Each structure stands twice: as C-alpha cells, then as structure tokens.
Amino acid sequence: MLDHAVRTFEQIDELGITRSVRSLNALLFASVVAKDYKEVRRIFLEFPKMYGIVPDLDTYNTVIKAFCASGSSSSVYSILAEMDRKKCKPNAVSFGTLIAGFYKEEKYEEVGKVLNMMEKYNMHPGISIYNIRIQSLCKLKRSSEAKALFDGILSRGMKPNSVTYLHLIHGFCREGNLDEAKRLFKNMVNRGCQPDSDCYFTLVHFLCQGGDFDTALEVCKESMAKAWVPNFSTMKSLVNGLVSISKVEEARELIGKMKERFYKNVDMWNEIEAGLPR
Ligand SMILES: *[C@@H]1O[C@H](CO)[C@@H](O)[C@H](O)[C@H]1NC(C)=O
C-alpha cells in the first residue's frame with residue numbers, strides 16, 4: 001500500500017498531475033499510519049528538495065509525530081530549528097506532540113525545556129497541553145504527580161475539562177487507587193464536566209475488580225440511564241459481585257435489563273440467571 005503510494009508520487013510527472021504540499025503531507029501521513037518512520041524521514045529529507053515543494057506546518061507536525069513515535073523525540077529540535085529558518089511557526093500541536101514524546105522516553109528535563117521554549121514563542125500552555133502532560137504521567141503510573149499538576153491548574157484558576165478528569169480517573173483506577181478515582185468522579189460532576197461512556201465503563205470495570213460492587217452498581221445505573229452499557233465481561237463481574245454480597249435482587253434486575261436490551265447474549269444471561277441463589 002505505502003510502497004504503491006510512494007511510487008505513484010515519484011511517477012506523477014508521467015501521470016500529468018502536479019505534486020503539492022498536500023499530496024506530500026498525505027504521503028507522510030500514510031507512512032506514519034503504516035508506522036514506517038524510516039520512510040517518513042527519507043520522504044521528508046528528499047522529496048521537498050527533489051520536487052520543489054515547500055513544507056508547511058502540517059508537514060512538520062507529521063514529521064514531529066513520527067520522530068516522537070519512533071522514540072527519537074530529541075531529533076525534533078532540529079525540525080524546530082528548520083521551522084524557525086523557514087519562518088513556519090510551530091503551534092500547540094507541535095509542542096504537545098513533542099512533550100508527550102519526551103514523557104514517553106522519561107526525559108523530564110526535556111519536557112521543562114520544551115515548556116520554556118513555548119514561552120519564548122509567546123505561547124502559554126492551555127488545557128490541551130496540561131491534558132497531554134497529565135495523560136503522559138498517568139500512562140507512566142505516576143498518577144499522583146499528574147494529580148499535583150492538576151491541583152496546580154486549579155490553583156491558577158484554570159478550568160480542567162472532561163478529558164482532564166478521564167485521564168486522571170483512568171490513571172488512578174489502573175494503579176488501584178479507587179478512592180481517588182471516585183473522588184475525582186464526584187468532583188468532575190460537581191464542576192459540571194460531563195463524564196463520557198469511556199469514563200463510566202472504566203470506573204465500573206475497576207470498581208468491580210476492586211470489589212466495591214455497591215459503588216459499581218451506582219455508577220453503572222447512572223451510565224445505563226444515559227444508554228451507555230458496559231461490556232459483557234464487566235456486567236458479568238458486576239452481577240456475580242452483587243450476588244457475592246447478597247444483593248441477588250439487584251443482580252436479577254440488572255440481568256433483566258440486559259436481556260431487554262441485547263438479544264446477542266440472552267443465552268449467556270439466562271444461564272447466569274439460572275445459577276442465581278433462590
Ligand atoms: C470491557 O471494558 C473494560 C472497561 O472499559 C475494559 O477494560 C475491558 O478490557 C473490556 N473487556 C473486553 C473483553 O472487551
């Protein structure tokens with residue numbers, strides 16, 4: 001697929017079509033999707049000169065993405081230098097990608113450098129940059145640090161959004177700190193940030209894993225009221241959990257709702273229902 005796209009680009013003259021920065025960007029994007037980062041590098045280094053194309057912000061951002069994804073975030077500094085020379089101003093996406101890249105490589109000092117660099121460009125990190133930092137820290141199982149960053153956002157009078165909360169709730173759930181996850185979930189709703197389906201599903205799943213079936217049921221009901229139903233394995237562990245804490249009626253009610261809604265797993269639910277204590 002990618003080979004073919006590259007060959008077409010190279011042979012375009014014979015086809016009588018003109019190459020543009022847009023087709024170059026499409027080609028780079030296809031290479032990123034194919035995770036062929038070597039090819040991204042080659043295309044970026046050779047094609048603009050060879051075909052007289054002037055890279056634009058999109059071109060640079062795609063290359064930055066490729067460098068970061070391949071674990072060579074430090075190479076992005078040379079891209080930023082080239083952008084400076086070519087008077088192409090990086091945007092929040094450029095810096096956000098680079099920051100995520102350095103976090104992934106656990107190069108925290110470089111993250112600080114990039115943030116200072118943003119100041120020099122007169123760009124002040126907005127919530128999207130903070131969300132990237134929070135998500136990156138949570139992925140590294142450093143949710144407490146992410147939470148400290150979050151508290152800093154609040155104390156500076158900045159507004160977190162639903163995405164901020166989702167990353168933190170995910171992070172704390174995965175580290176087994178369900179109390180913090182529950183607190184954030186409450187806090188989120190109080191602040192008027194709407195949880196999405198993923199937020200509900202994650203919380204129910206991990207609450208069941210942690211054995212907090214009462215709260216899991218509460219959150220699950222809230223989610224189902226919005227027509228968001230957790231997957232079969234989560235629902236099954238919730239039903240079994242409720243039975244284990246002698247909430248057979250609640251379990252039965254949930255099964256009823258599931259059978260009403262989904263024809264797919266009716267047999268499996270019937271089987272589970274037949275196994276419930278009388
Ligand atoms: C069900 O959903 C949970 C929470 O989103 C997820 O962690 C889990 O991997 C899913 N299980 C399956 C079998 O898809």
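Predicted model: local features only at pLDDT ≥ 70, side-chain atom pairs only at ≥ 80, totals over all residues.
For the angles below, I take helix axes as lines fitted to C-alpha atoms over the stretch in contact, with angles running from 0 to 180 degrees between N-to-C directions.

**Entry 1: α13 and α15**

I started with helix α13 (residues 197-209) and helix α15 (residues 232-244), whose axes sit 9 Å apart at an angle of about 40 degrees. That makes the pair oblique. I checked the handedness too, and α13 and α15 cross in a left-handed way. Which residues make the contact? From α13 I noted Val204, His205 and Cys208, and from α15 their partners Thr234, Ser237 and Leu238. Sorted by class, this contact comes out as three nonpolar and three polar residues, with no charged ones.

**Entry 2: the ligand**

The side chain of asparagine 231 has an N or O atom 2.5 Å from an oxygen atom of the ligand. For serine 233, I got 3.4 Å between a polar side-chain atom and a nitrogen atom of the ligand.

**Entry 3: α3 and α4**

Moving to another pair, I looked at helix α3 (residues 21-33) and helix α4 (residues 37-51), which pack with axes 8 Å apart at about 160 degrees. An angle over 145 degrees counts as roughly antiparallel, so that is how α3 runs to α4. The crossing is left-handed. On the α3 side I listed Leu24, Leu27, Leu28, Ser31 and Val32. Facing them from α4 are Tyr37, Glu39, Val40, Ile43, Phe44, Phe47 and Pro48. How many of these are nonpolar, polar or charged? I have ten nonpolar residues, one polar and one charged.

**Entry 4: α7 and α9**

My last pair was helix α7 (residues 92-104) with helix α9 (residues 127-139), where the axes come within 9 Å and cross at roughly 15 degrees. That makes α7 roughly parallel to α9. The crossing here is right-handed. α7 brings Ala92, Phe95, Gly96, Ile99, Ala100 and Tyr103 to the contact, and α9 brings Ile129, Ile132, Arg133, Ser136 and Leu137. By class I wrote down eight nonpolar, two polar and one charged.

Key
Residues numbered from 1 in each chain as written. Heavy atoms only, no water. Helix = DSSP H or I, 4+ residues; strand = E, 2+ residues; numbered from the N terminus. Parallel < 35°, antiparallel > 145°, perpendicular 65-115°, else oblique. Left-handed = near helix turned anticlockwise from the far one by under 90°. Contact = heavy atoms within 4.5 Å. Nonpolar A, V, L, I, M, F, W, Y, C, P; charged D, E, K, R; others polar. Polar contact = N/O pair within 3.5 Å; in protein donor to acceptor, adjacent residues only side chain to side chain.
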